[in-house]
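Please read the briefing below alongside the sequence and the coordinates. The points are grouped by topic, so that each can be checked in a viewer in turn.

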Amino acid sequence: MTAVASVPAVTPTGSGRPVSDDELGGKGATLARLARQGFPVPPAACVTASAYRAVAADPAVEHLLERIRGGAVVPAGAVDAAFLAAPVPKAIRESIVAVADRIGDGGPVAIRSSATVEDLAVASFAGQYRSSLDVRGGEAVLRAVRLTWASLWHPAPCAYRRTWGIADGDIAMAVVVMRMVAARLAGVAFTVDPGGAADRIRVEAVPGLAESLVSGERTPDVWLVPRTGNGVAAPAPVLGAATLAMRVERASAA
């Protein structure tokens with residue numbers, strides 16, 4: 001376990017500071033790499049795994065987590081209540097509120113999960129952890145961060161980890177704080193269509209924010225774009241997303 005004192009509670013995404021990927025979690029580490037490589041990542045920062053561990057070390061929370069690690073199924077509401085009641089060190093609270101205020105620049109922020117076991121090669125954890133959108137104000141930000149921490153131990157992700165043979169061990173939850181984008185169209189892009197031809201990019205999108213797509217509440221529009229980028233009729237934002245996805249793929253392979 002990394003000592004909290006040796007790692008900042010909050011670090012700007014893509015700042016180049018010497019913070020390990022384990023401290024940023026899966027999503028935070030990926031966003032940091034993309035930002036450093038010049039991709040259009042909205043202003044963001046990461047509440048590190050060490051900040052989570054400082055709160056999870058509270059005796060009441062630790063007792064609850066020991067039960068869960070031992071096989072007990074604890075309702076999500078009870079886990080949330082434990083993390084909402086646990087004290088957050090003053091320095092961590094102030095750092096989170098300050099960075100959210102700076103990133104939001106007077107507007108709302110998104111609070112996004114970034115677990116140290118997330119977006120793995122064999123398991124995606126999509127929709128397993130809690131994220132919160134349009135969060136405004138210091139107290140609301142702190143509450144949203146606490147609830148994201150708690151979601152690491154909700155019954156669904158615990159069962160998912162057991163199914164895939166992923167040990168709880170020293171897992172932790174970092175949290176990405178990101179400026180909200182007023183999206184007209186949002187979704188996901190796969191540089192290889194998961195259920196089709198290997199020479200096609202799959203773009204799925206819905207009007208507005210992508211929350212309804214990710215949650216399964218809404219069926220998205222789908223476009224299959226040749227990886228060459230030629231010979232398809234699709235809206236400009238879809239073609240732009242496909243082009244950007246290919247740039248990310250090439251950068252990741254470099």
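The model discussed here is a predicted one.

**Salt bridges**

- Side chains of opposite charge can pair when their charged atoms come close. In this model the count of such salt bridges comes to nine, and those described below are among them.
- R202 takes part in a salt bridge with D193, in which the closest N and O atoms are 3.4 Å apart, and R202 also meets the side chain of E204 in a salt bridge with an N to O distance of 2.7 Å.
- Through these pairings, D193, R202 and E204 are linked in a network of salt bridges.
- R202, by contrast, counts as partly exposed, its relative accessibility being 23%.
- K90 and E94 form another salt bridge, where the closest N and O atoms are 3.9 Å apart, a value that lies within the 4 Å limit applied to such pairs.
- K90 and E94 both belong to helix α5 and stand four residues apart, so about one helical turn separates them.
- In this pair K90 counts as exposed, at 54% relative accessibility, whereas E94 is partly exposed, with a relative accessible area of 46%.

**Helix packing**

- Two packed helices are described by the angle between their axes and the distance between the axes.
- For helix α4 (residues 76–85) and helix α6 (residues 138–151), the axes come within 8 Å and cross at roughly 130°. That angle makes α4 oblique to α6, and the crossing of the two helices is right-handed.
- The contact brings V79, D80, F83, L84 and A85 of α4 together with R143, R146, L147, W149 and A150 of α6.
- For helix α2 (residues 49–56) and helix α3 (residues 59–69), the axes come within 7 Å, and they cross at roughly 95°. On this account α2 is roughly perpendicular to α3, because angles of 65 to 115 degrees are placed in that class.
- On the α2 side, Y52, V55 and A56 make the contact, and on the α3 side the partners are V61, E62 and L65. The residues of this contact of α2 with α3 comprise five nonpolar and one charged, with no polar ones.

**Backbone angles**

- Most residues other than glycine have a negative phi, and most peptide bonds are trans.
- D105 has a phi near 50°, which is a positive value in a residue other than glycine. D105 is placed in the loop between α5 (90–104) and β3 (109–115), and at 60% relative accessibility D105 counts as exposed.
- D134, although it is not a glycine, has a positive phi of about 55°. The place of D134 is in strand β4 (residues 132–135), and D134 is partly exposed, with a relative accessible area of 45%.

**Positions separated along the chain**

- What distance separates the C-alpha atoms of T30 and S252? These atoms are separated by 9.9 Å, while the two residues are 222 residues apart along the chain.
- T30 itself lies in helix α1 (residues 21–36) and is partly exposed, with a relative accessible area of 35%.
- The C-alpha atoms of P157 and V74 are separated by 12 Å, and these two residues are 83 residues apart along the chain.
- P157 lies in helix α7 (residues 155–163). Is P157 buried or exposed? With a relative accessible area of 0%, P157 is buried.

Key. Residues numbered from 1 in each chain as written. Predicted model: local features only at pLDDT ≥ 70, side-chain atom pairs only at ≥ 80, totals over all residues. Heavy atoms only, no water. Buried < 20%, exposed > 50% of the residue type's maximum accessible area, 1.4 Å probe, protein only. Axes fitted to C-alpha atoms, helices over the stretch in contact; angles between N-to-C directions. Parallel < 35°, antiparallel > 145°, perpendicular 65-115°, else oblique. Left-handed = near helix turned anticlockwise from the far one by under 90°. Contact = heavy atoms within 4.5 Å. Nonpolar A, V, L, I, M, F, W, Y, C, P; charged D, E, K, R; others polar.
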